[in-house]
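Visitor: I would like a close look at one part of this assembly. Please take me through how the chains meet.

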Protein chains: 4
Amino acid sequence: MIIIMRPQVGDEEIDTVARKLDQLGMRPHISRGVERTIIGVIGDERRLEVEQLEALPGVERVLPVLKPYKIVSREWQPQDTVIDVAGVPIGGRQIQVIAGPCSVESAEQMEAAAAAVAAAGCRLMRGGAFKPRTSPYTFQGLGVEGLRLLVEAARAHGLPVVTELMDARDLDVFLEHGVDVIQIGTRNMQNFTLLKEVGRIDRPVILKRGLSATVSEWLMAAEYIAAAGNHNIIFCERGVRTFENAYRNMLDVTAVPVLKRETHLPVIVDPSHAGGKAWMVPALARAAVAAGADGLLVEVHPRPAEAWSDADQALSPEEMARLMQELAPIAEAVGRSL
Amino acid sequence: MIIIMRPQVGDEEIDTVARKLDQLGMRPHISRGVERTIIGVIGDERRLEVEQLEALPGVERVLPVLKPYKIVSREWQPQDTVIDVAGVPIGGRQIQVIAGPCSVESAEQMEAAAAAVAAAGCRLMRGGAFKPRTSPYTFQGLGVEGLRLLVEAARAHGLPVVTELMDARDLDVFLEHGVDVIQIGTRNMQNFTLLKEVGRIDRPVILKRGLSATVSEWLMAAEYIAAAGNHNIIFCERGVRTFENAYRNMLDVTAVPVLKRETHLPVIVDPSHAGGKAWMVPALARAAVAAGADGLLVEVHPRPAEAWSDADQALSPEEMARLMQELAPIAEAVGRSL
Amino acid sequence: MIIIMRPQVGDEEIDTVARKLDQLGMRPHISRGVERTIIGVIGDERRLEVEQLEALPGVERVLPVLKPYKIVSREWQPQDTVIDVAGVPIGGRQIQVIAGPCSVESAEQMEAAAAAVAAAGCRLMRGGAFKPRTSPYTFQGLGVEGLRLLVEAARAHGLPVVTELMDARDLDVFLEHGVDVIQIGTRNMQNFTLLKEVGRIDRPVILKRGLSATVSEWLMAAEYIAAAGNHNIIFCERGVRTFENAYRNMLDVTAVPVLKRETHLPVIVDPSHAGGKAWMVPALARAAVAAGADGLLVEVHPRPAEAWSDADQALSPEEMARLMQELAPIAEAVGRSL
Amino acid sequence: MIIIMRPQVGDEEIDTVARKLDQLGMRPHISRGVERTIIGVIGDERRLEVEQLEALPGVERVLPVLKPYKIVSREWQPQDTVIDVAGVPIGGRQIQVIAGPCSVESAEQMEAAAAAVAAAGCRLMRGGAFKPRTSPYTFQGLGVEGLRLLVEAARAHGLPVVTELMDARDLDVFLEHGVDVIQIGTRNMQNFTLLKEVGRIDRPVILKRGLSATVSEWLMAAEYIAAAGNHNIIFCERGVRTFENAYRNMLDVTAVPVLKRETHLPVIVDPSHAGGKAWMVPALARAAVAAGADGLLVEVHPRPAEAWSDADQALSPEEMARLMQELAPIAEAVGRSL
């Protein structure tokens, strides 16, 4: 950590900083420059808080030198983590496409969806049983019954299951029903209660990026899970909130190469929630794979116009099958398989 | 709801929309213009979802006419709601300042803080026992013990207590300890599990705005609490996330008059988290009161430089007392008292 | 245009709106609903301003039905525009990569740069002679001398030239020196003076997106150029400003398919300014091509570490050559050639 | 400037940095820590560019220590600058309200506007003759004729005149017509051509903040004007672009105290363009004064509903007079006069 003092500070302010560092178990390294005095902090800066030092008299700014995350960082583990989900590897050479409907609606819908997902060549299935909805007056998901329908349909087609957990109290029922990957949604990226809970199990977790979370905050949210013991974490970029209102969110494709450099964990992309319209999904999915994503999370519905939620962003089975064909040569162009 | 069709759509697409509306229990009102056909929807649009209609062939855009929130809206209740917190009214002519430290640290710190808060003329006390922290490696709050220390110190000075709830499972312990106002933090504004839980009790709730939540989403989050039965909701603007990095967040002062127009519920402002630096607090607090806020939420610490969290944004007891003096004439200038 | 009236407005307010529309040469179509009265506007809404109608008593909101742009829209011209730049087609099946250094520095640097650009297989060259710099104390470009060096080097390798115009008074000198494509930079996207001037000539124009310009504003900026007579416009997405500070800008890859749907004009992407670091360029360039971009604008410097500006984002000649090889199979995967 | 090296860099990378600094006329100060080597730069860092150093092998990040602006900074001049505009001081104890219509429309409108502005007690007048409009199809201003009408009406009521310059070629005509303060609009904040031109005269300049300009970029834009010789610069905060769409822009009230701390120059606020609706103006104007603004820029129109542009955000003469009465006690509460 580097402490930049204000111009014209006296020895008293510098001594106060030095004493504070001493109290905190660190050592100061003082450089008196022409325009500013700068104090380097010697010791493990991850134990310090920038604010504690910025509150001291005469301090202008405090600059951390180290990254605040550790277990999830590439400095800690240089080689890629490949997560095994019931035999399907995520994070390796093969790109995985996780597909399925926004909401679980009925046994018929789920069977049709699972059949379509498998037929298109996808190896994992998604579906929402507990739904985070902006309005309390809209469909909130089928709950535990939805969980049962999802798992049943997916198992019939040999597909491991991904679904979202919103309440820590539901974790046991998720495990009992055999959910293979637990999704932490955008609105819960910094629900630290939930992060700590999924950190206590070893089931893989998809951690979606918060609506306006920085890459650093996102890595720190993953560090919460990792620090609690679960290292099976998959990042999922799903578009962020900006000033633009021509599309629902802005897919941050730059986050893909940046995360791949910062962390050893897999990174997937959700092109459906990013653009918010089915017609945008193929272009965004291709861009994600071209940028180096390890997988995709795509909304598919047997009959999109009849979906109970997000009807305008789901692909039809035919569109999904076509997308997989489009993605294959892109995957190959970047040295991957689909 | 108004449905705008694409240019050159045929009768088939228009019929499909009309049939879908019929299925959903609505009636269409079709206007064929020169450049576009427009379909008005007759019936209770709050039961519809824009996405379901935008997914239909030939539909270009769907525009809601009504606001999505109801119980919290001024259309539903024109007169201001005044919430009684243990005898202290929030939302009336008197402006309330809620003050206290970011984190509960010790009995001594809390006693000194409560004494300072009361001496400055504030009528409610805040303090954090369960802390949402970006890093898993920093201080996470004293938990239940912190709750006890907070209530004890505040009671000794006759101050009702405000503190943040992060986990629905802790709600009972909050009520047992006599927490007077439950705060839902920024990161949990759309933690719908938590919103529904605090909706089941009648204890007043401070609902902080999400980091990048629109005013509409914020009102909908309050509607979750209200729809579950608890109408004692206080909005708290605390700065939003933007491109600017010269300060921690950007205080959205415009949200104050806009909310006061849209909702009958009280609106307060947190100038401490907005700017992120103690020296910015007085200017932002004055601006908030001048803009029409019903109250403030301010961080005060007996010795800011020694605070365990957010040290750089807490006021000292002297600064707090001075701020109250500065605010009095502003309150008077807008026809309020402090 | 659709005018939504407030709840409980009387006949007087409705009559005022009707009279105003009459004055403006439009006709009203009034629908009295249960909760709201809605007034449809019959006539050419592009001649109206939303604000004029929103200022009327009793009006809640005014919603435009038509897009505000015309000449640049796909509704006006369904088939793709292919722009010929000295024999190089932009907007057709072939993807064009425009490459070169941020700043023109010397004859030697430009000769080396042009040789590298041509050797990598790029067909156009870029270079900055007039530089928009955040600080008045940094290098501002070589000016007219830079223009001369750029054209000379590019001509020697048969490459048409792209360079940025900042001042309308320099337009003649740009034309005299034979600049083939005039670039309007990010900071000048809404410099309407400049847009009108380049609208008066027929030289192709690259219109970079403003730092926080919406897609709609960007199309309207192009409409300024088109309305003045010049239809040879190329859109260039170069990253937008958001809350994220892990990279310089956020590449808005979604803008590519959205623009391709809204306009018949070519769309290219600048991956260098988007990420701001050379190591991010290949991933972003691949994503842009996969998303459907018609071309790229890439910074290359003979010796990046010695560049006078943006040293950290320029590719070396070797990196540029490798990028072209990486892009070829991606272009093919989307049915294009490089 | 501080250079943070990557973990495990060798002597070679460190030597390369040291040699580069030497070439640039600086000296390195190398500290080898446990986790990172850090190199301090000794010499005038304003002559360096971060990018040149970040491009070197082994460099992780480069952190500037000094502010990039100089003439406009409080470090350069601690006491407040008070700018004299034809006898009206801006930046002193008295708060100045500059009022007038968005567009100059006719002699009658301007006479009525000037009478209203003077009657309300404002001491300066604004009006737009050259208008930056998003659409080429809407009213673009009366141009030179508008300039003449504005000055004539204002002079008749003893009001100095503020108006926007969009094209450097119009500067002479602005001076000939006796414009007292030249406004550089939001879209031109980084039109460096224009900034340099107004830097060559001594007429006061109002520099509006760019739509998504950081405070630092804004100060640098002012530094362009100052470096060219004109130190009579007034900053004008007018709302920035964010994700929120409930109002046109978000007034950044925090920028007021931050600018007042960073610069000695006056800071005013435009509440009309910030909110975009007349009913929001009083609350925002009060907040601005309470936060420490030196003045306001307010839109007033004799008959707002008939204004040719921005009709929904102009105050009527009665509303303007009432606003001045509301502001007086706020000004007094912060130790100022109106």
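Which residue forms a salt bridge with C:Glu244, and how far apart are the closest N and O atoms?

Guide: A:Arg209 forms that salt bridge, with the closest N and O atoms 2.8 Å apart. A salt bridge here is a side-chain nitrogen of Lys or Arg within 4 Å of a carboxyl oxygen of Asp or Glu. This is a predicted model, in which local features need pLDDT of at least 70, side-chain atom pairs count only at pLDDT 80 or more, and totals for chains, interfaces and linings use all residues. Residues are numbered from 1 along each chain as written, chains are lettered from A and ligands numbered from 1 in the order written, and side-chain values use heavy atoms, without hydrogens and water.

Start with the interface of chain A and chain C. Two salt bridges are found across it. Eight residue pairs are in polar contact, both residues at pLDDT 80 or more. Such a contact is a pair of N or O atoms within 3.5 Å; within protein, one must be able to donate a hydrogen and the other to accept it, and residues adjacent in sequence count only if both atoms are side-chain atoms. Helices are DSSP runs (H or I, at least four residues), numbered from the N terminus.

Buried area is the accessible area (1.4 Å probe) lost when two parts are put together, summed over both. A:Phe243, A:Thr254 and A:Trp279 supply 21% of the area that chain A buries here, more than any other three residues.

Now turn to chain B against chain A. Here the contact takes 51 residues from each chain. The buried area is about 4,200 Å², with 49% from carbon and sulfur atoms. Eight salt bridges are counted. One of them joins A:Arg133 and B:Glu49 (2.7 Å, N to O). Polar contacts come to 27 residue pairs. On the side of chain B, α7(B) gives the most, with five residues. The copies meet through the same surface, because 100% of the interface residues of chain B are also interface residues in chain A.

Note on methods: Contact = heavy atoms within 4.5 Å. Helix = DSSP H or I, 4+ residues; strand = E, 2+ residues; numbered from the N terminus.
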